Amino acid sequence: MSGNSYRNNRNAYRRKRRNENRGLVAVVVVTIMAAGIMGAYGFISLFMGDNGSNTKSVASTGSAVNTATNVTSSSSTASDSKTASSETEEASSGDVSKEDTKTVASKTDKKKDAKEKEKDDIKKLVTASKEAEEAYYKDTVFIGDSRTQGLQINAGLTSPDFFAGRGLNVKNARTEKVVKNAAGKAVTVVDALKDKQYKKVYICFGINELGWPYTNIFADEYQKTIDAIKKIQPNAEVVVQGILPVTEKKSKSDKIFNMKNVKKFNKVIKKMAEDNGETYVDNSPAVANDKGYLPGDVTPDGIHMNREYCKRILAYIVNMNY
């Protein structure tokens, strides 16, 4: 074989090997690409999830759904139970509220009934026949200030005596000669008691003393007047009356004649009387309204009362057996 022929055969063999190698490389490349594609698909499936064609995957998902459903069902049951319990409690609470409302309504009705009864009782207590009053006030005397004068003027009674004067107080009742005795001589209300013996002596002072700064001085002077009366009337029962109320308008506009002072002085009068064995009585229910004031339409000045209310006091004393 010549040299040229050998080189030709060798070159042909090399071209064949290169072609075979290229084919192998192509196969390897294709294989690697295919493997890469499959790996990528698996990788994507791992994160994206299955499309539902895999039976095992579906079964697993179904189990998870069932589990979730059971949990939801349990939660719903618990929720329903709580709701039912809540509704039961609300219903129970509603029943209690209804009972409470009935109780409150019942108490309110009782209060109304009590007030109505009290009003009816007061109407009866401030009403008395003239015959009953004349009999009750036989051998009695009223001593006091202008309010007691009002009783004398408006009562229309002949049995009781009245020794009273405008502006009188617990002190000048022993010094001011404002009444006349049986002989027609001007004397003090205390000295006027010397003409006759009485079974009861009704005393009412205090309205003119509301401006006094010291209640202890007021109590001392009041007791001195009572003691002077007892010397003249040793067998008589001394009945000390509390100060009657003033109107709401008067009370709120006057620095002296107001209910704060009336209540303060009445406490002093009550204590003084009880400490010394005298009878203390409160006639204010006969003339006071629901707020404890004297009604505005029964007085010209917020203090003194008209004929009807003066008569109420005298009837009240009779019915209360004071």
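**A parallel sheet and the helices around it**

In this predicted model, Phe142 has Phe162 as its bridge partner in S2. That pair is a handy place to start. Strand S1, which spans residues 140-144, is joined to S2 by four bridges, and the two strands run parallel. In general, the strands of a sheet pair through backbone hydrogen bonds, in either a parallel or an antiparallel manner.

Widening the view, S1 and S2 belong to an open sheet of five strands, ordered S2-S1-S5-S6-S7 and paired in parallel. Its edges are formed by strand S2 (161-164) and strand S7 (279-281), each of which pairs on one side only. From one strand to the next, the twist averages 20 degrees. Helix H4, made of residues 146-155, packs on this sheet and touches S1, S2 and strand S5 (200-204). The direction of H4 makes about 150 degrees with that of S2.

On the H4 side, the contact is made by Gly150, Leu151, Ile153, Asn154 and Ala155; on the H8 side, by Arg307, Cys310, Lys311, Ile313 and Leu314.

Is Asn154 buried or exposed? With a relative accessible area of 11%, Asn154 falls under the 20% cut-off and is therefore buried. Leaving aside residues up to four places away in sequence, Asn154 touches Met305, Asn306, Arg307, Cys310 and Lys311. Of these neighbours, Arg307, Cys310 and Lys311 also belong to the H8 side of the helix contact.

Attention now turns to helix H7, which covers residues 259-275. Helix H7 has 17 residues and reaches 24 Å from its first C-alpha to its last, close to the 24 Å expected at 1.5 Å a residue. Which residues of H7 are buried? They are Met259, Asn261, Val262, Phe265, Asn266, Val268, Ile269, Met272 and Ala273. The elements that cover these buried residues include helix H5 (215-232) and helix H6 (248-253), together with strand S6 (237-241) and S7. This brings the description back to the sheet, where S6 and S7 stand at the end of the strand order S2-S1-S5-S6-S7.

Terms used
Residues numbered from 1 in each chain as written. Predicted model: local features only at pLDDT ≥ 70, side-chain atom pairs only at ≥ 80, totals over all residues. Heavy atoms only, no water. Pairing = 2+ DSSP bridges. Axes fitted to C-alpha atoms, helices over the stretch in contact; angles between N-to-C directions. Contact = heavy atoms within 4.5 Å. Buried < 20%, exposed > 50% of the residue type's maximum accessible area, 1.4 Å probe, protein only. Expected span 1.5 Å × (residues − 1).
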